[in-house]
Amino acid sequence: MARYIVRRLALLPPLLLGVSFLLFLLTHLVPADPAKLVAGEHAGPEQIAAVRRAFGLDRPLPQQYLIYLAHLARGDLGTSMRTNSSVLDDLRTYFPATLELTAAAMLATVLLGVPLGMVAAIGRGGLSDLVAQFASLSGLSLPIFVFGILTQLVFSRWLGWLPLAGRLATGDSPPAHITGLYVVDSLLTGNLATLTSALVHLVLPTVTLALASLAPTARMTRSAMLEILSHDYMRTAWAKGVAPVHVYVRHGLRNALIPVLTIVGLQVSALLGGVFIVELIFAWPGLGLYSVEGIVSLDYSAIMGSALLLTVIYVIVNLAVDVLYAVLDPRIRY
Amino acid sequence: MGRAAGSGRVSRRRFLRGLAAGGAVLGAGAAGLADVFRTAPAAAAGAPADTLIVAQDTAVQTFDPQIVYDNTVRITRGIYEPLVGLQGSTPRIVPKLVTSWSSSPDIKQWTLKLRSGVKFHDGTPFDSDAVKVTMERLIKINRGFAYAFKPLVASVETPDAQTVRVNLNAPDASFIAKLAAISGNLVVSPKAVREHAAGDDLAQGWLKEHAVGTGPYMLASYDKGAQQVVLTQFAGYWGGWAGPHVRRIIFKIVPEASTQRLMVERGEADIVTIVAPDLIDALAKEPGITISESPTMRIFYIAMHCQREPLKDVKIRQAISYAFDYEGAKQAIFNGKLAPLNGPLPDNDPAHLAPADKPYRFDMQKAKQLLGESSRPNGGFTLSLFLFQGDPTFRKAAEILQAHLKELNIGVSIQELSSSVLLEKAGKPETAPDLLPVRNYPDYADPSAMISATFGKDAWGTAGWNFSFYANDRVEQLLKQANETTNQPQRLRMFRDAQRIIVQEAAAVFIGTLINRVAMRSTVKGFLYNPLLGNTFDLYRIYKS
């Protein structure tokens with residue numbers, strides 16, 4: 001197993017190399033000059049040339065790429081042209097917010113999607129199936145930005161139950177920085193008021209982000225469960241008089257989990273894609289907002305840094321899924 | 001059997017007990033949650049009367065007063081002050097940190113007398129050294145507004161603590177107006193610059209996230225994680241704190257317009273910075289919300305490429321100017337909220353043209369007649385038009401023009417591009433579109449700023465903002481002469497003459513001067529908007545009732 005993990009991780013550097021090359025090519029193919037945007041609207045040619053020199057944009061492209069790689073090898077993601085600070089520092093500032101939101105959405109996906117799928121499978125063809133199917137289908141067909149704005153309208157504007165946007169109420173100071181995750185940091189520092197505020201602020205963006213992933217998870221759980229339910233060992237379990245909860249969870253769900261896990265792992269990429277829109281709607285100061293602003297101003301280092309980070313996360317999540325297969329099913333050996 | 005029955009009874013009891021317990025837990029949890037839901041947003045909504053919350057649309061890149069050249073000026077102008085300011089919502093220049101000024105007869109030297117008793121937030125006094133450090137810093141960093149000073153300023157002298165003498169490379173009657181610009185010469189504490197300089201960075205690194213100015217508010221905190229900037233009153237402000245003011249100003253970064261709208265509706269924000277006319281109209285109908293309407297110096301027009309066939313032919317440009325439905329556009333794009341524009345200068349500029357100076361009205365007959373006299377009497381060509389992505393006002397203007405040009409047998413192909421790509425293409429005459437709808441504002445309150453940036457020969461493409469690639473020797477001569485005299489009536493005459501030539505040659509379709517509409521809670525009072533840039537307002541004067 002350890003050898004397998006090491007082997008998979010060893011594939012990461014060449015993968016990052018390929019991704020960085022593609023990204024470098026794509027960002028530099030955009031027919032625009034970021035130096036002009038940085039120098040300001042009415043900047044003269046001399047000012048623009050100065051910016052270009054400062055960020056090494058006056059060198060030939062292959063040389064720029066090699067310099068980037070050399071820095072990357074040392075763990076330096078370059079300097080953002082827009083914020084004029086190290087991209088690594090920027091990622092450290094903005095990524096925890098995204099991590100918090102994505103993790104919450106992942107949790108919601110699993111905690112809601114799996115039971116929804118189970119209920120649908122158990123009551124197949126009945127009312128509960130219909131309701132669960134309807135709920136997951138509407139989740140699949142409603143665009144995130146429409147759903148996000150709708151939830152704001154209903155739960156914030158009309159009902160006044162939940163805050164509109166942000167990670168904390170305006171004017172609140174965040175908890176002492178430990179992990180950058182407000183929920184975790186306020187728990188660690190025992191700051192209950194901030195914890196409540198952070199949790200309440202998480203609700204709407206989490207539900208919005210989880211929506212799109214909920215449907216595939218529920219549907220996969222349903223079909224996997226349906227298949228398992230017809231197996232002989234399930235009949236045996238019933239015949240033995242095992243309590244229904246144990247039949248469904250221990251015998252059913254555990255065996256249905258492998259395909260569900262695959263789908264949940266894939267949802268991570270869906271979540272990381274959706275988080276860009278959700279962060280924009282809910283003024284959630286994370287990687288999504290940072291990247292969108294980076295893309296608009298063609299901030300090469302910021303775009304590449306964010307994308308490389310997402311690549312690493314994706315690879316690690318996929319690896320974790322593969323490892324979990326072996327944990328869930330002892331027959332699987334690497 | 002008995003056992004089975006017994007165990008069945010027990011399990012049912014257990015089940016019911018469990019159900020009851022579970023219900024109780026759920027109920028308590030729900031009640032607790034309901035409390036959370038009820039209290040948390042209520043605490044968020046409705047900021048105290050001494051705190052102003054502004055929903056800001058763009059993230060802060062830097063607070064550096066010599067670099068900021070974007071919407072962050074809204075914040076920095078509360079912390080730093082310019083040497084001269086603008087009176088209220090007018091473009092009239094009034095003293096600020098400089099109380100009086102005079103120029104040498106050749107207008108190559110300006111002497112500035114400084115206000116006494118002014119202190120920086122770090123306690124050091126404001127003096128001529130601060131002005132020198134600021135101006136030299138701007139020129140050396142060479143970003144943003146430096147373009148107007150670097151070629152112009154030869155040296156800065158400080159004969160005494162309260163006097164500054166600026167020597168120029170060329171006569172410039174608009175120099176004082178340049179000091180009132182939105183950014184650039186916002187005075188920074190020399191002590192802060194010296195103490196926090198790293199190498200030769202002139203403290204750029206430190207001033208990115210810190211600020212020491214003379215303004216009414218100090219930067220209390222900038223929290224990147226929460227995307228929130230907090231300003232608090234500077235007790236030692238030279239203007240004093242008599243009368244109503246807010247104690248604290250919070251800028252919350254909220255990029256999404258619909259979220260900003262909900263925030264001001266709920267009272268979570270006092271002022272929002274969205275600009276979409278439809279959203280503002282919707283907000284105008286809400287109780288408790290006021291829309292402040294102020295004239296701006298922002299002009300809205302469609303640039304026409306004067307250097308490329310077929311628009312090189314002035315007759316065709318004039319025909320297009322007649323084929324635009326000005327009144328229809330005013331209603332369709334701006335719901336009637338648009339001031340006139342009879343030439344390059346906005347309606348509230350002292351040198352603006354009278355309606356009689358602009359012959360173009362919506363007249364398809366006249367348009368057909370002019371096209372008939374042109375090099376392409378039957379039309380039969382297609383013009384390219386670029387749009388800045390995601391701006392409905394530009395799109396509507398383009399579609400109105402497209403519809404009427406079709407009647408002249410002129411096609412318009414519309415292409416929407418992201419601003420970075422668009423600016424790159426529109427920056428060069430070879431790749432620029434034939435038509436480009438643009439909004440433009442002068443960088444400083446002098447007629448020369450707008451005319452030379454929009455139609456000057458040195459301002460082609462992104463070198464200025466001349467997307468018409470227009471050049472006229474007589475116009476250049478008039479602009480040069482106007483900069484060589486301080487005789488204001490004479491200057492205004494020259495600016496009007498220059499504009500008449502540009503209008504006669506139809507370098508652009510002049511559509512209107514924008515009216516700035518800012519949505520805010522009705523409790524916000526003393527809102528004074530800066531006409532130069534549709535982005536700033538006087539934070540010092542604002543208070544809440």
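B:Leu202 is buried, with 22 other C-beta atoms within 10 Å. Its phi is near 50°, a positive value in a residue other than glycine. The model is predicted. Chain A has 14 helices and zero strands, and 50 of its residues are in contact with 49 residues from chain B.

**Backbone features in chain B**
- B:Leu202 sits in the loop between helix H5 (190–196) and helix H6 (204–207) of chain B.
- B:Leu202 counts as buried because it has 22 other C-beta atoms within 10 Å, and the cut-off is 20 or more.
- A cis peptide bond links B:Glu309 to B:Pro310, with omega about -5°.
- B:Pro310 belongs to the loop between strand E12 (289–304) and helix H9 (314–322) of chain B.

**Backbone features in chain A**
- A:Ala283 is not a glycine, yet its phi is positive, at about 45°.
- The loop that holds A:Ala283 runs between helix H12 (244–281) and helix H13 (287–296) of chain A.
- A:Ala283 is buried too: 24 other C-beta atoms lie within 10 Å.

**Overall build of chain A**
- Along the sequence, the pattern of chain A reads α-α-α-α-α-α-α-α-α-α-α-α-α-α.
- The C-alpha atoms of chain A fill a box of roughly 85 × 55 × 40 Å along the principal axes.
- Of the 334 residues in chain A, 42% are buried.
- Among contacts in chain A with a separation of 6 or more, 70% join residues 24 or more positions apart.

**A helix pair in chain A**
- Helix H6 (residues 87–122) and helix H7 (residues 127–141) of chain A have axes that come within 7 Å.
- These axes cross at roughly 140°, and the crossing is left-handed.
- H6(A) brings A:Leu116, A:Val119 and A:Ala120 to the contact.
- H7(A) brings A:Ser128, A:Asp129, A:Ala132, A:Gln133, A:Ala135 and A:Ser136.
- By class, the contact of H6(A) with H7(A) has five nonpolar, three polar and one charged residues.

**Where chain B touches chain A**
- The contact takes 49 residues from chain B and 50 residues from chain A.
- On the chain B side, the helices that give two or more residues are H1 (2–44), H7 (257–266) and H13 (419–426).
- Strands E1 (51–56) and E10 (248–253) of chain B also give two or more residues.
- By class, this side of chain B has 24 nonpolar, 13 polar and twelve charged residues.

Key:
Residues are numbered from 1 along each chain as its sequence is written. Chains are lettered from A and ligands numbered from 1 in the order in which they are written. This is a predicted model: local features need pLDDT of at least 70, side-chain atom pairs count only at pLDDT 80 or more; totals for chains, interfaces and linings use all residues. Axes are lines fitted to C-alpha atoms, for helices over the stretch in contact, and angles run from 0 to 180 degrees between N-to-C directions. Helices (H or I, at least four residues) and strands (E, at least two) are DSSP runs, numbered from the N terminus. A crossing is left-handed if the near helix is turned anticlockwise from the far one by less than a right angle, and right-handed if clockwise. Two residues are in contact if their C-beta atoms, placed from the backbone, lie within 7 Å. Ala, Val, Leu, Ile, Met, Phe, Trp, Tyr, Cys and Pro count as nonpolar, Asp, Glu, Lys and Arg as charged, and the others, Gly among them, as polar. A residue is buried if 20 or more other C-beta atoms lie within 10 Å of its own, exposed if 12 or fewer, and partly exposed in between; C-beta atoms are placed from the backbone.
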